Every structure is written in structure tokens, then in C-alpha cells.
Amino acid sequence: MNKIKDILYDKNDILVALLIVAIAALVIYTRIEVIMDYPQIQAAAAESSSQAETKDKTSAQKNEQDAAGENESDKTVASEKQVNGTDSESAEQTNAPSGIVSINIPSGSTLDSIAQQLLDNGLISDKTAFINHMVGLGLDTKVKCGTFQIPGGSSTDEIAAILTK
């Protein structure tokens, strides 16, 4: 009787170990695409953040040069345009709203419908680029539902941070 008990106990340990290995293999098998895409996602995120930094630096340098090279007559003309509302260059340059835009994301919304809302409100210019950016950062499944206040002219990273808080 003791021998039978020992055999059952020994086999039970082996069965539990095999069950654990089988579960681990199943998890790896079902998530292998995500696991293999992870380095590319991280590289894309690093590249987009470095591009954003480069763009910010370039804009800052251009603004400094513009400010240094502007003379008094240019300042007067620019201020008259702003007062009269005839500054068509700045209106054409950005379609983004100047104030804060309220976006309501219902529970169960897809990233596609969220991107469409952002596009309709002028917060993004390219729906597909926004979706790819969110997927690249791994934030496509982390978007929260609710009402969000998004400042006009926000970058894609800023919008992503607001929607995932």
C-alpha cells in the first residue's frame, strides 16, 4: 500500500510540473507576435521622441532667429494684422483650435473612433498616423473612457498622455 502511495505522489509532482510547463508554453505561443514586436515598438517610440526633440529645438532656434531679425516696421505690420484679424498665414498654418477642446470617449470605444473624434475636432491632422503612434507606444489598449480637456495645438504625445491618465 505504501508503494502505491509513493508512486501516486511521485507522479503527481511530475504532472503538476508538466502542467506548469504546458501553461507557460501556451502563454508564449499566444503572445509571440507581441513579444517579437516589442523591440521594434521601443525603437519606434525612441525615434519619435528624438524627432520631437529635434523638431522642438529647430522651432526654438527658428523663433530666436525670427525674433532677432524682426525690425520695428515688421512688428507694427504684424500687430496690425493681429488686431484686424487679417493674419491669414497663421490661420492657414494650423487648423488646431486655440482653446481647450472637450472630448468624450464612451466606454468600449475603438482607437479608430477616438482618432476620428480627434480629427473632427482639429486636434490631429492624420488619423492613421495617430493610431500607428499609439500602437507603436503600446498605448492602444490603455486609453481611458470619460471626458477629457485637450488644449488646442497639443502634440500627439501630449494627447496620448492625456487620454491614458
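**Close-up views of a predicted model**

View 1. Ile28, Ile32, Ile35 and Met36 make up a nonpolar patch on the surface, and together they have about 380 Å² of accessible area. Patch members have over 30% relative accessible area and no salt bridge, and nonpolar side chains are joined within 5 Å. Areas follow the Shrake-Rupley method with a 1.4 Å probe. Ile35 lies in helix H1 (residues 2–69). Ile35 is partly exposed because its relative accessibility is 44%; the class lies between buried (under 20%) and exposed (over 50%). The model is predicted: local features need pLDDT of at least 70, side-chain atom pairs need 80 or more, and totals for chains, interfaces and linings use all residues. Numbering starts from 1 along each chain, and side-chain values use heavy atoms, without hydrogens or water.

**View 2. Lys127 and Asp112 form a salt bridge.** The whole structure holds 1 salt bridge, defined as a Lys or Arg side-chain nitrogen within 4 Å of an Asp or Glu carboxyl oxygen. In the Lys127–Asp112 pair, the closest N and O atoms are 3.2 Å apart. Lys127 sits in helix H5 and Asp112 in helix H4 (residues 111–120), 15 residues apart. Asp112 is partly exposed, at 39% relative accessible area.

**View 3. Helices H5 and H6 pack together.** H5 spans residues 127–136 and H6 residues 156–163. Their axes are 11 Å apart, at an angle of about 60°.

Conventions
Patch = residues over 30% accessible without salt bridge, like charges linked within 9 Å, V, L, I, M, F, W, Y side chains within 5 Å. Helix = DSSP H or I, 4+ residues; strand = E, 2+ residues; numbered from the N terminus. Buried < 20%, exposed > 50% of the residue type's maximum accessible area, 1.4 Å probe, protein only. Axes fitted to C-alpha atoms, helices over the stretch in contact; angles between N-to-C directions.
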